[in-house]
Amino acid sequence: MPLFNIDADNRVQRFRATAYELEKTLQQIIQQNLEEIFGVHLVASEFSVRGEQPGRIDTLGLDHEGAPTVIEYKRDKNDSVINQGLYYINWLLEHRGDFVVAAREALGNNIDVNWSHPRLIIIAQNYVHWDTYAVKRMGEGIELWEYMRYGDNLLYLNQVYGQQRSVIAKPSAVVPLKETDAVDTLPEAIYTLEDHLNGKPEAIKQMFAQLQQGVLALAAQGEIIETPNKLYVSYRHGKNFCEVQVMTRALKLHLDISAQYLNDPERMSRDVSSVGHWGTGDIEVRITDPNEIEYVLNLIEQSYRMTL
């Protein structure tokens, strides 16, 4: 993507696109800004993986919804880093205690880990055609991001492909989150859209379908990831920009945008940053009428654009 600098006389000068000489430099930049870019808390850098296939996870984190997150940096177009990343995800699922211990050491004991939607993020300067084709065929929740460095102070990140990943938890692998808990042997729940829509009035279901269609249409197919959680359905592009609670008489939304940046002339939103609420966003919006959806989609788009 060409990028230009505009001088005082409105003349443009093209920035030269380059890669980092050392991928470690990119890794350090991402890790220092992990929450801003991907909505992820850093757990560890170069996390050691033991076993038959030992290795090191480049960046290990826990996202704002409690999902374990593996980030790998593709150094060469021929690297098999996607398969390697999938191996690391599966290793974590089989060694959950190792992850929880590391997360507690980095983030404190009061953490929530959601094993139903682990994330695998691959960052590379470019991909070959077979990379995106393979990811689509795998049906796994892998996010492919391409980067470009412009000059010394500009970093461009673009999501090439993204898909939600769901797994069935093994009963013996569930790890307690509280320091004093005993090991829980109950399987974790896997949530679906049907869980949120079952028992709701038909009018609410139709409003959700209309809203869902509008949200997913904000970007190319595969760029926005929809994830049903226990209490809400989240929409993510790198990091969350909208969460939806399906209620009996309304849809309650939370938008991940500061009130100072939201243009809401109809004043449908309210700042709930100082009030307890579900969702990662602090701007609450309620939809009770299908006629409100078009306007609310404009608010959601503003939140989405904050992730670009």
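**Conventions for all views.** Residues are numbered from 1 along each chain as its sequence is written. In this predicted model, local features need pLDDT of at least 70 and side-chain atom pairs count only at pLDDT 80 or more, while totals for chains, interfaces and linings use all residues, and side-chain values rest on heavy atoms, with hydrogens and water left out.

**View 1. A salt bridge between E46 and K24.** A salt bridge is a side-chain nitrogen of Lys or Arg within 4 Å of a carboxyl oxygen of Asp or Glu. Here the closest N and O atoms are 3.4 Å apart. The pair links distant parts of the chain, 22 residues apart: K24 lies in helix α1 (residues 23–32) and E46 in strand β4 (residues 40–49). Helices (H or I, at least four residues) and strands (E, at least two) are DSSP runs, numbered from the N terminus. E46 is partly exposed at 23% relative accessibility, and K24 is partly exposed at 36%. Buried means under 20% relative accessible area, exposed over 50%, and partly exposed in between (1.4 Å probe, protein chains only).

**View 2. A salt bridge between R149 and D152.** The closest N and O atoms of this pair are 3.6 Å apart. D152 is exposed, with 67% relative accessibility.

**View 3. A salt bridge between E301 and R305.** The N to O distance is 3.1 Å. Both residues belong to helix α8 (residues 293–305), and because they are 4 residues apart, about one helical turn separates them. E301 is partly exposed at 27% relative accessibility.

**View 4. A network of salt bridges.** The linked residues are D63, R119, E143 and R236. A search of the whole structure finds 12 salt bridges.
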